[in-house]
Amino acid sequence: MPLAERGNATAQYKIGVLYFDGHGVEKDYTRAHSWFEKAAIQGNALAQYNLGVLYTNGQGVEKDYVIARNWFEKAADQGYAAAQYNLGSLYYNGHGVSQDYVRARHWYEKAATQGDAVAQYNLGAFYDRGLGVTQDYVRARRWYEKAAAQGYAAAQYNLGLLYDQGHGVPQDYVHARHWFEKAAAQGLAAAQHGLGVLYNR
């Protein structure tokens, strides 16, 4: 607290986290917002990201996607992957901005190249479905593989579908089963169903 009161941005951010999580203090989103804002104004990317989260969820402030986007952009411009992913989601869903698959892909790609598994999966889905890009099953497979290697069940399932249907790869039920099994073991119902269909053929 003494550091934060003297203007240390890292300390201000960490106090915000304590109030956000309720560690050592009562959970208080309003106070978390106040401390995050002090740090964010000084350029702390984590605080900027967390402010965006508060405005996205309406925690301690009124829900406001426009303000959330502004804070996410500041953190994203500093290379913070989670903010880049959240910006992509705002553009994908049209929250606080006009829905724009091209911009959504742009931000997902920035997060995906930093190893964000959900962004990698979403990029795969963009290429799989041709959202904001030309449909390209080969690129879809590459992004699904990256997310699947990190254990992301939805990507494992979608990889299985590509092999099951022969999209971007030679049709291969053995590989399809392999990926369905990985996703099914994590409880993904669609993958469990896909496995059942394979065994029923």
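Helices (H or I, at least four residues) and strands (E, at least two) are DSSP runs, numbered from the N terminus. With that in hand, let's work through some exercises. Residues are numbered from 1 along each chain as its sequence is written, and side-chain values use heavy atoms, leaving out hydrogens and water. This is a predicted model, where local features need pLDDT of at least 70, side-chain atom pairs count only at pLDDT 80 or more, and totals for chains, interfaces and linings use all residues.

**Exercise 1: Asparagine 44**

Task: Find where asparagine 44 sits, and work out why it counts as buried.

Solution: 
- Start with the place: asparagine 44 is in the loop between helix 3 (29–41) and helix 4 (45–57).
- Next, the cut-offs: buried means under 20% relative accessible area, exposed over 50%, and partly exposed in between (1.4 Å probe, protein chains only).
- Asparagine 44 has 14% relative accessibility, so it counts as buried.
- Now look around it. Leaving aside residues up to four places away in sequence, asparagine 44 touches Ala9, Thr10, Tyr13, Ala39 and Gln78; a contact here means heavy atoms within 4.5 Å.
- Finally, a polar atom of the asparagine 44 side chain lies 3.1 Å from the backbone nitrogen of leucine 46.

**Exercise 2: Tryptophan 35**

Task: Is tryptophan 35 buried or exposed, and which residues does it touch?

Solution: 
- Tryptophan 35 belongs to helix 3.
- Its relative accessibility is 13%, so tryptophan 35 is buried.
- Skip residues up to four places away in sequence, and tryptophan 35 touches Met1, Ala4, Glu5, Gln12, Ile15, Gly16 and Tyr19.
- For a distance to check in the model, take leucine 54: it is 19 residues from tryptophan 35 along the chain, and their C-alpha atoms are separated by 12 Å.

**Exercise 3: The whole chain**

Task: How many helices and strands does the chain have, and which element has the lowest mean pLDDT?

Solution: 
- Count the elements: there are 12 helices and 0 strands.
- Of the 201 residues, 45% count as buried.
- The C-alpha atoms fill a box of roughly 65 × 35 × 25 Å along the principal axes.
- Now the confidence: pLDDT is the predictor's confidence in each residue, from 0 to 100. The chain's mean is 96, with 100% of its residues at 70 or more.
- Among the elements, helix 1 (residues 2–5) has the lowest mean pLDDT (94), while helix 4 has the highest (98).

Definitions and conventions. Polar contact = N/O pair within 3.5 Å; in protein donor to acceptor, adjacent residues only side chain to side chain.
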